[in-house]
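Let's go through this model together, one question at a time. Have a look first.

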Amino acid sequence: MAVKSANVTARVEPEVKSEAEAIISELGLSVSTVINSLYKQIILRRGIPYTLTLSVEPKPVSEMSKAEYDLMMKTGLEQAKNGESLDADEVFDELLREI
């Protein structure tokens with residue numbers, strides 16, 4: 001096993017650090033172990049070992065600007081006109097199957 005003598009310094013949001021470290025602790029690991037594991041995966045995969053994507057969760061209407069809301073409504077109307085919508089009964093049946 002290689003000697004671990006290099007240090008990593010990073011700035012992170014305090015809440016993120018606290019939450020992540022609590023989970024890491026519950027897993028019985030140290031932060032150093034997790035960082036070392038991440039670095040090894042980066043080397044092995046020659047890239048970040050997970051997909052970096054933007055959230056696809058819709059923004060609550062209360063947080064939308066008028067322009068964002070209007071665009072959402074326009075898009076929905078166009079989808080409905082083009083037959084790209086689902087029957088309400090099908091949607092509710094699918095939801096019930098998922099719960």
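This is a predicted model: local features need pLDDT of at least 70, side-chain atom pairs count only at pLDDT 80 or more; totals for chains, interfaces and linings use all residues.

What follows is a short chat about salt bridges, a surface patch and a pocket.

Residues are numbered from 1 along each chain as its sequence is written, and side-chain values use heavy atoms, with hydrogens and water left out.

Student: How many salt bridges does a search of the whole structure find?
Tutor: A salt bridge here is a side-chain nitrogen of Lys or Arg within 4 Å of a carboxyl oxygen of Asp or Glu. Glu 68 with Lys 59 is one of them, at 3.0 Å from N to O. Searching the whole structure gives four.

Student: What separates Glu 94 and Arg 97 along helix α4?
Tutor: Helices are DSSP runs (H or I, at least four residues), numbered from the N terminus. The two residues form a salt bridge, with the closest N and O atoms 2.7 Å apart. They sit three residues apart in α4 (residues 88-98), so the separation is about one helical turn.

Student: And which partner does Glu 21 meet in a salt bridge?
Tutor: Look four residues away in helix α1 (residues 14-26), about one helical turn. Glu 21 counts as partly exposed at 31% relative accessibility (buried is under 20%, exposed over 50%, partly exposed in between, with a 1.4 Å probe and protein chains only). The N to O distance is 3.1 Å, and the partner is Lys 17.

Student: Is Leu 52 buried or exposed?
Tutor: Leu 52 lies in the loop between α2 (31-45) and α3 (66-81). Along with Val 8, Leu 38, Tyr 39, Ile 48 and Tyr 50, Leu 52 makes a nonpolar surface patch of about 600 Å². Patch members have over 30% relative accessible area and no salt bridge, with nonpolar side chains (Val, Leu, Ile, Met, Phe, Trp, Tyr) joined within 5 Å and like charges within 9 Å. The relative accessible area of Leu 52 is 64%, so the residue is exposed.

Student: Which element gives the most to the lining of the largest pocket?
Tutor: A pocket is an open set of points on a 1 Å grid, where a 1.4 Å probe fits, with protein on both sides within 12 Å along at least five of seven lines; lining residues have an atom within 4 Å of a point. The largest pocket has a volume of about 810 Å³, and among the residues closest to its centre are Val 8 and Ile 35. With eight residues, the top contributor is α2.

Definitions and conventions. Accessible areas come from the Shrake-Rupley method with a 1.4 Å probe; for residues, only the protein chains shown count as cover. Helices (H or I, at least four residues) and strands (E, at least two) are DSSP runs, numbered from the N terminus. Grid points are joined across faces, edges and corners, and a volume is the space filled by probe spheres set on the points.
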